[in-house]
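The following paragraphs lead the reader through a structure, first along an interface and then around a ligand. Please keep the sequence and the model in view while reading.

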Amino acid sequence: MSTQAKRLTPYLFMAPAAVVLVVALLYPIAYMIYASFLDWNPSQRIGEATFVGLRNYSNLWSDANFRESLSVTLKFAALVVSIEMILGVGLAMLLDRKIRGMTVLRTIFILPMMIAPIVVGLIWRYMYHPTVGIFNRTLNNLGFESVPWLSDSFWSLTSVIIADVWQWTPFIFILSLAALQSLPSSAIEASRIDGATGWQQIIYIKLPLMMPVLIVTLLLRLIDAFKVLEVILVMTNGGPGLSTEILSLRIARTASEFRELGVAAAMSNYLLILLMLLTAIMFTYNRLAEARNARLRQAAEEG
Amino acid sequence: MPILRLENLCKRYASNDVIHSINLEMRDREFTVLVGPSGCGKSTTLRMIAGLESVSDGEIYIDDRPVSSLEPKARDLAMVFQDYALYPHMNVAKNMSFALKLQKRPKKEIDQKVNEVAEMLGLTNFLHRKPAELSGGQRQRVAMGRALTRDAATFLFDEPLSNLDAKLRGQMRAELALMSQRVQKNMVYVTHDQVEAMTLADRIVVMQDGHIRQQGTPEELFKKPNSKFVAGFIGSPPMNFLEGTLEHRGDMTCVVGQGYILSLLPEQAQRVNAANQKDIILGIRPSDLSYAPDAKDGDALELTVLISEYIGAQSILLASCGDQKISVEMKSDNPIELQKNMKFQAVKQGIHLFDRKTEVAL
Ligand SMILES: Nc1ncnc2c1ncn2[C@@H]1O[C@H](COP(=O)(O)OP(=O)(O)OP(=O)(O)O)[C@@H](O)[C@H]1O
Ligand SMILES: [Mg+2]
């Protein structure tokens, strides 16, 4: 075989994967980016749409509804992810012990994750029902007033957050539990000998060692939280007002109700940029911390 | 200073007993070494003392205070683990100072202590490295250093040198001996290497199958093993064992076995005759045999040398006595010929006799 052929061989083998990647991944994204520069109605073919440049992007900034929706999304994502992280990691710490029946308990804990989001939305909508829902009935039976779970703008966001926490805490729980159980047990024993209390073991040994897994988990959840749709769609459909209208819901409505595909595409791109920024920040932070340690070490060993 | 005492200490896992009622008292500032074959329960005992393993029965006393229900933290001890157990995310300095940091000692004091110990163990240049960036021997030293920065009253070591190469092990053994002289703390040291046990210990505790077989100073164990097991475990190369029976020849008591007759000293004869046991095992250390072409019958064994292992000034001979194998340790400059019958004189004080059934020393 000639040297040139040899050099080309790896590319030959990579070609099918590259083609699939381009077609399946890059084409839709490129399509979406192109669409975001158009004033495009679903009844038109893409070729008939007028090119408007960056107007969709700039118009969105002056659109109060979009800004409201963005802030709801940020609030929602930040809250659910922090609550889920704290609860999930906390539960994992609590349940990381050898007691009989623990396997059953763990299985029950991860059930919510396995239910289809639409169903989750329906279940919670019935539970939040103002008169026949379990929450208000229980409150009334105990002698408290009904709570406007889905009809008040503060409560509806809270209700949506509760449902999401219920569904996704198990995800963080099982990942943290797996991380926790793969920690070197001798390091934890050493810390007990060194005099660490239970809390100190968690803060100084367990959490730092779990950090790589936790960062990835956090990222996965964050990305998902920005894109959540079905549960909220079924529970509140974004209301009352815009109080639970997160971006993905607004994008869906812009495309189907307002029939503005270009604007919807521009919004999707904003979301994409936001997520990419978050990911980049998280990884850069890690990289920077590592580089700093290496620098410190080198300085110390030379000096 | 605490005195460590184990009283009827037992450990059971589900159905199998691992430690059977151990009684042990360690005097103040004593270097105690637990030895025994793999799986005999040394680590389990040590981990019960440390508080990492629950006690199934019995009690551990430190300074007459029962501690078996206390957390490790409350027992004031430092431990070096068999597999180092360093904190992978902390650098060497942080590994060594973790305990002090938890005790909220002033930063200056911590730094000073860490530097002092690092200096002693030759770790000064590695203080900013993570464990993953160190060699096995360096990690071992960090593990040691982490224990030494503590001011604990008792130090526990679980085979701390097992992962080192021969040279480094010898070096660290000497360091440890020096250090134990200097710090004067209670030390409990687990090993299955009897050379380590002999060189470091004030007191050796020989364990087998969860029982203590014998305890005492290295010299006591070497000179007066109470059973065939201890005799075979302590000393290198290990003691030779030959089957034999007791016979009276004139006014002498002799051990007669396949291919040899050895007469006993009067006090030995008295002891074995009192035990009234005919079938015995004769034990003799390789170093208690010497080449002696002119030895009298009754003082010597006639051996056929099969192999001579030259290890420098000394050689280890593997020989046959009847159809049993026996090893001899002697100066290399003796004229040894292979496959020839030769006489080897036995040092009479070095003869050990054991009951063949119970394997207890007579
Ligand atoms: N968790 C456990 N469950 C059941 N048996 C165990 C458990 N841990 C240890 N054992 C048993 O207890 C016995 C003693 O183990 P231990 O670790 O104390 O041995 P050791 O003397 O330290 O051996 P080594 O020199 O190989 O380290 C072994 O026979 C082992 O199989
Ligand atoms: Mg062990």
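A polar contact is a pair of N or O atoms within 3.5 Å; within protein, one of the two must be able to donate a hydrogen and the other to accept it. In this predicted model, chain A and chain B share 10 residue pairs in polar contact, both residues being at pLDDT 80 or more. On chain A, the side that touches chain B draws at least two residues from each of α9 (185–193), α10 (198–227) and α13 (261–302). The most come from α9(A), with seven residues. By class, this side of chain A consists of 10 nonpolar, six polar and five charged residues.

The contact as a whole involves 21 residues from chain A and 29 residues from chain B. About 2,200 Å² is buried between the two chains, and carbon and sulfur atoms give 59% of this area. Within chain A, the residues that lose the most area to chain B are A:R192, A:I193 and A:D194, which together account for 32% of what that side buries. A:R192 also forms a salt bridge with B:E71, with 3.6 Å between the closest N and O atoms. Three salt bridges are found across the interface of chain A and chain B.

Attention now turns to ligand 1. The residues surrounding ligand 1 include B:Y13, B:Q82, B:E159 and B:H192. Helix α1 (residues 42–50) of chain B supplies the largest share of this shell, three residues. Oxygen atoms of ligand 1 lie 2.5 Å from a polar side-chain atom of B:S38, 2.4 Å from a side-chain N or O atom of B:T44 and 3.2 Å from a backbone N or O atom of B:C40. Taken alone, ligand 1 exposes 640 Å², of which the protein buries 60%.

Definitions and conventions
Residues numbered from 1 in each chain as written. Chains lettered and ligands numbered in written order. Predicted model: local features only at pLDDT ≥ 70, side-chain atom pairs only at ≥ 80, totals over all residues. Heavy atoms only, no water. Contact = heavy atoms within 4.5 Å. Buried area = accessible area lost by both parts, 1.4 Å probe. Salt bridge = Lys/Arg side-chain N within 4 Å of Asp/Glu carboxyl O. Helix = DSSP H or I, 4+ residues; strand = E, 2+ residues; numbered from the N terminus. Nonpolar A, V, L, I, M, F, W, Y, C, P; charged D, E, K, R; others polar. Near = heavy atom within 4 Å. Areas by Shrake-Rupley, 256 points an atom, 1.4 Å probe, with all protein chains shown as cover.
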